[in-house]
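Here's a quick briefing to read alongside the model. Have the sequence and the 3D view open, and let's go through it topic by topic.

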Amino acid sequence: MQTKQAYIETFGCQMNDRDSEIMGQLLEQAGYSLIDNRENAALIVVNTCSIRGKAEQKAMSLLGGLRKAKKLNPDLIVAVTGCVAQQEGEKLQERMPHIDLVVGPQNIYQLPRLIDTVRSSSKPSTAIEQTDNFLIPSFLPNLESPHSSPFRRFVTIMQGCNNFCTYCVVPHTRGREVSRSPRDILAEVNHLITKGVKEITLLGQNVNSYGLDRRSKGENYPDFPNLLRMVASTDGLIRIRFTTSNPKDLSRSLMNCFIDLPKLCPHFHLPVQSGSDRILKKMNRKYTVASYLDLVAELRTIRPDITLTTDIIVGFPGETDEDFEGTMQLLEKIRYHGAFSFKYSDRPHTVSAGFSDKVAEEVKSERLSRLQERQKQITLERNSEFVGQVLEVMVESQEQNTRGQWCGRSAGNLIVNFTGGTNPRQGELYNILIEKECLHSLRGLIQQQEGV
Ligand code: SAH
Ligand code: SF4
Ligand code: F3S
């Protein structure tokens, strides 16, 4: 029998990337082979993101384009998963009858069975139930996954979010926080290590509240710093990272992990969103600019070499010029190594979508480009601070690029392109003397291989 071919297109965050890996693996177990292009696929899965209007539009336009493919090949199965699937449910199929299956993030584990049902009944189907008692199935990743690095992987430690920031769709699409058991997390970490993985990023929308949902039910779950300690004590692991952290829950005990755990990489992504207390309050972020600055000062005292990155929204409803100046001043005070910045966009079911004082599109665009211009300069200045330093870099590339450079990543999460040495090995650490800064990377020269 000829194997059926499946293609998965992924939009959105690392959690969606991980979900796509899981779906790919389930499909392979069900007899599909994964392919890199849509043309020959018998099944197309579009794993969507809804975080901003643009993300949703991208997925919708890809889905719209599949109408023709379905006409040419009526046996093609089109499945939509991810946050747009959860948000829109059956409405997607009303708008686009060529969609066979809509599956929410908690239902992806049943994907092969759902596809079989659609095939045998030839009727469109929807599976978007969410429950607060959801148990994340234990799932050991497949290392042969074509789109994932063989030595750098993501492990989901929790799903959902309870924070309800007023602009954010995630609590509506991913449901309440559900923590995975430390047993399952450690089993997955150990499995990855035996397969040669060296770096693990623990994933959750707000990892700081890991275990709270379980502890509140009387279960004996560790908090996030203790989970980090458990993961760090696993032999064979070289680097640990985590993402993301809401500043409101950043504890001293998590900061201390940066002192005690040498494997924990000195990089902190700490989304600030705005430099105005008034706007932070309207966003329901539950911290102030002053308390955020205190956290940054403490982190930098504990780990002076820590790199800091952030997320910023400009043009939140009611954001005045003065509020925006507050955000610009915050950039000067903190001097982040990098910032992801976005124009505010209304999302379904969110509180802020109902606010009446929306900021004009041109104003949002102006503010965004001013902020991005300034941040570019700061990033370059920050990157120039590494020139002359020797950084420990884990090699990511298998081959040299056209300029004869190898590529790796520093502990502080900077991309480092370097020359010298003969065939540095993927997943291993090398000392690199940094010679030049660029906007998105550093350039350097290999010194000597560690541990040789
Ligand atoms: N859980 C993370 C954020 C995940 S979403 C946290 O709490 O920090 C990633 C980023 O998308 C957010 O930090 C925010 O900057 C941006 N974002 C979310 N909703 C948005 C919206 N409605 N408009 C514009 N940007 C948004
Ligand atoms: Fe969204 Fe806020 Fe939850 Fe982050 S913490 S996912 S921004 S609601
Ligand atoms: Fe997007 Fe959903 Fe992730 S909205 S950012 S795919 S949790």
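For sorting shells, Ala, Val, Leu, Ile, Met, Phe, Trp, Tyr, Cys and Pro count as nonpolar, Asp, Glu, Lys and Arg as charged, and the others, Gly among them, as polar. This is a predicted model, where local features need pLDDT of at least 70, side-chain atom pairs need pLDDT 80 or more, and totals for chains, interfaces and linings use all residues. Residues are numbered from 1 along each chain as its sequence is written, chains are lettered from A and ligands numbered from 1 in the order written, and side-chain values use heavy atoms, leaving out hydrogens and water.

**Ligand shells**
- Around ligand 3 (a heavy atom within 4 Å) you'll find Cys-13, Asn-16, Cys-49, Ser-50, Ile-51, Cys-83, Val-170, Arg-174 and Gln-205.
- That ligand 3 shell splits into five nonpolar, three polar and one charged.
- Domain 1 (4-127) and domain 2 (148-265) each give at least three residues to the shell around ligand 3.
- Ligand 2 has a shell of seven nonpolar, three polar and one charged, including Cys-161, Phe-164, Cys-165, Cys-168 and Arg-285.

**Domains**
- An automatic or database assignment sets the domain bounds, giving domain 1 (4-127), domain 2 (148-265), domain 3 (270-382) and domain 4 (390-449).
- The C-alpha centres of domain 1 and domain 3 sit 34 Å apart.
- Six residues from domain 1 and six residues from domain 3 make the contact (heavy atoms within 4.5 Å).
- Those two domains bury about 460 Å² between them, 45% of it on carbon and sulfur atoms; buried area is the accessible area (1.4 Å probe) lost on being put together, summed over both parts.
- On the domain 1 side, Arg-52, Gly-53 and Gln-87 lose the most area to domain 3, together 75% of what that side buries.

**Helices**
- Helices are DSSP runs (H or I, at least four residues) and strands likewise (E, at least two), numbered from the N terminus.
- H2 (residues 53-72) has 20 residues and reaches 30 Å from first C-alpha to last, close to the 28 Å expected (1.5 Å times one less than the number of residues).
- Among the buried residues of H2 are Gly-53, Glu-56, Leu-63 and Lys-70 (buried is under 20% relative accessible area, exposed over 50%, partly exposed in between; 1.4 Å probe, protein chains only).
- The partners of H2's buried residues include strand S1 (4-10), strand S3 (43-48) and helix H3 (82-88).
- The end C-alpha atoms of H13 (residues 321-334) are 20 Å apart, which agrees with expectation because its 14 residues should span 20 Å at 1.5 Å a residue.
- After H13 comes Arg-335, with a positive phi near 50 degrees.
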